[in-house]
Amino acid sequence: MNFRQILSRARRDLYEYLRGNCSLVNPDAPCKCVKKTRAYIQGGFVDPRKLQFTSDYQRKVREVAEDRAGGLMEAYMKVAAQVYRDHPFYEPAEQVATLRRALRAVSLEPPA
């Protein structure tokens, strides 16, 4: 089965479950899980009076991306540099011989 189809069905099933059961998603839903959301309430992510996510929590990526982009780019470049340094180095003569063998294998170059 296609991974995207499985993912799509899982998202749909989760959305339907939450819409029918979770009061954080649907205020008319039966579950009022104050105990389950205690840590979110204490952290200021959920308003205890309405059991909905606070507006401070509902930030957009573009609002925080600029502040975090520098650190993320630096971390990315460290990993990329390590991968590059660990990559095998081929001497030019090896590259030419390898390329000629590959070309002969697909009959694009006449035998030497």
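Glutamate 16 and arginine 19 both belong to helix H1 (residues 3–21), where they sit 3 residues apart, about one turn of the helix; helices here are DSSP runs of H or I with at least four residues, and strands are E runs of at least two, numbered from the N terminus. The two residues form a salt bridge whose closest N and O atoms are 2.8 Å apart, a salt bridge being a side-chain nitrogen of Lys or Arg within 4 Å of a carboxyl oxygen of Asp or Glu. This is a predicted model, in which local features need pLDDT of at least 70 and side-chain atom pairs count only at pLDDT 80 or more, while totals for chains, interfaces and linings use all residues. Residues are numbered from 1 along each chain as its sequence is written, and side-chain values use heavy atoms, with hydrogens and water left out.

**Overall make-up**
- The protein chain contains 4 helices and 2 strands, and from the N terminus on its elements follow the order α-α-β-β-α-α.
- Of its 112 residues, 10% count as buried, where buried means under 20% relative accessible area, exposed over 50%, and partly exposed in between (1.4 Å probe, protein chains only).
- Among contacts in the protein chain with a separation of 6 or more, 9% are between residues 24 or more positions apart, a contact meaning heavy atoms within 4.5 Å.

**Salt bridges**
- The structure holds 3 salt bridges, one of which joins the side chains of aspartate 13 and arginine 12 at 3.6 Å, N to O.
- Aspartate 13 is partly exposed at 45% relative accessibility, and arginine 12 is partly exposed at 46%.
- Glutamate 16 is likewise partly exposed, at 40%, as is arginine 19, at 38%.
- Glutamate 74 and lysine 78 also meet through their side chains in a salt bridge (3.9 Å, N to O), and they are 4 residues apart in helix H3, about one helical turn.
- An α-helix has 3.6 residues a turn, so residues three or four places apart point the same way.

**Helix H3**
- Helix H3 (residues 61–86) bends by about 55 degrees at arginine 68, the bend being the angle between axes fitted to the seven residues ending there and the seven starting there.
- Of the 26 residues of H3, the number buried is 1, so this helix lies largely in the open.
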